[in-house]
Amino acid sequence: MPDTVVKPKTRVKTKVERPRLHKVILVNDDYTPREFVVTVLKAEFRMTDDQAYKVMLTAHQRGVCVVAVFTKDVAETKATRATDAGRAKGYPLLFTTEPEE
Ligand code: TYC
């Protein structure tokens with residue numbers, strides 16, 4: 001009698017997905033000078049003076065502004081560095097992150 005041939009019952013299907021991007025969000029406060037916010041945006045997010053000023057003003061007027069999107073690690077690192085730059089000067093400047101939908 002020939003050996004029984006057992007067919008595999010499971011298949012491996014490779015699924016590649018793009019990593020979810022995370023937003024870096026600038027939060028307004030009453031103490032950090034506008035010029036300092038612009039300087040940090042330019043240094044940490046490589047923005048032009050114009051771009052940085054618009055983002056700062058949007059956060060100032062609306063409470064928050066999305067600065068840019070990155071992979072999770074990069075977003076968190078940049079938000080931390082930018083927040084620390086404010087803290088080093090005694091300002092409550094805050095950058096947070098959240099996943100994109
Ligand atoms: N509101 C601050 C001021 O009037 C400026 C500012 C803008 C601070 C945006 C933080 O995310 C910010 N000096």
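Visitor: Where is the place of V37?

Guide: Welcome! Please keep in mind that this is a predicted model. The place of V37 is in helix α1.

Visitor: Is V37 buried or exposed?

Guide: A residue counts as buried when its relative accessible area is under 20%. V37 has a relative accessible area of 7%, so V37 is buried.

Visitor: Which residues is V37 in contact with, leaving aside its neighbours within four places in sequence?

Guide: Let us look beyond the neighbours along the chain. L94 is 57 residues apart from V37 along the chain, and their C-alpha atoms are separated by 9.9 Å. Leaving aside neighbours within four places in sequence, the contacts of V37 are L26, T32, M56 and L93.

Visitor: What is the order of the strands in the sheet?

Guide: Start with β1, residues 21-27, which pairs with β2, residues 64-71, in the antiparallel sense. β1 is also joined to β3, residues 94-99, and these two run antiparallel as well. The sheet is open and has three strands, in the order β2-β1-β3.

Visitor: Which strands stand at the edges, and why is one side of each left without a neighbour?

Guide: Each edge strand has a single partner strand, so one side of each is left without a neighbour in the sheet. From one strand to the next, the twist averages 30 degrees. The strands at the edges are β2 and β3.

Visitor: How many bridges are there between β1 and β2?

Guide: Strands of a sheet pair through backbone hydrogen bonds, either parallel or antiparallel. The number of bridges between β1 and β2 is seven.

Visitor: How many residues of β1 are buried?

Guide: Strand β1 covers residues 21-27 and is mostly covered. Of its seven residues, the number buried is five.

Visitor: At what angle do α1 and α3 pack?

Guide: Helix α3 spans residues 72-88, and its axis is 10 Å apart from that of α1. The crossing of α1 past α3 is right-handed. The two helices pack at an angle of about 145 degrees.

Visitor: Which residues make the contact between α1 and α3?

Guide: The residues of this contact divide into five nonpolar, one polar and three charged. On the α1 side there are F36, V40, E44 and F45. On the α3 side there are K78, R81, A82, A85 and G86.

Visitor: Is V40 buried or exposed?

Guide: V40 has its place in helix α1. Not counting residues up to four places away in sequence, V40 touches F45, A82, A85, L93 and F95. At 5% relative accessibility, V40 counts as buried.

Visitor: What is the relative accessible area of K78?

Guide: K78 lies in helix α3. Not counting residues up to four places away in sequence, K78 touches E44, F45 and F70. K78 is buried, and its relative accessible area is 18%.

Visitor: Which residues is F45 in contact with, leaving aside its neighbours within four places in sequence?

Guide: F45 belongs to helix α1 and is buried, with a relative accessible area of 10%. Leaving aside neighbours within four places in sequence, its contacts are V24, V40, V67, F70, K78, A82 and F95.

Visitor: Which residues do ring pairs link into a cluster?

Guide: The structure holds three aromatic pairs. F45, whose place is in helix α1, belongs to the cluster. The linked residues are F45, F70 and F95.

Visitor: Where is the place of R46?

Guide: Helix α1 covers 34-45 and helix α2 covers 49-62. The place of R46 is in the loop between α1 and α2.

Visitor: Is R46 buried or exposed?

Guide: Exposed means over 50% relative accessible area. R46 has 76% relative accessibility, so R46 counts as exposed.

Visitor: What is the phi of R46?

Guide: Most residues other than glycine have a negative phi. R46 is a residue other than glycine, yet its phi is positive. The value is near 50 degrees.

Methods
Residues are numbered from 1 along each chain as its sequence is written. This is a predicted model: local features need pLDDT of at least 70, side-chain atom pairs count only at pLDDT 80 or more; totals for chains, interfaces and linings use all residues. Side-chain values use heavy atoms; hydrogens and water are left out. Rings of Phe, Tyr and Trp (its six-membered ring) pair if their centres lie within 6.5 Å; planes under 30 degrees apart count as stacked, over 60 as edge-to-face and the rest as tilted. Buried means under 20% relative accessible area, exposed over 50%, partly exposed in between (1.4 Å probe, protein chains only). Helices (H or I, at least four residues) and strands (E, at least two) are DSSP runs, numbered from the N terminus. Two strands pair if DSSP finds at least two bridges between them. Axes are lines fitted to C-alpha atoms, for helices over the stretch in contact, and angles run from 0 to 180 degrees between N-to-C directions. A crossing is left-handed if the near helix is turned anticlockwise from the far one by less than a right angle, and right-handed if clockwise. Contact means heavy atoms within 4.5 Å. Ala, Val, Leu, Ile, Met, Phe, Trp, Tyr, Cys and Pro count as nonpolar, Asp, Glu, Lys and Arg as charged, and the others, Gly among them, as polar.
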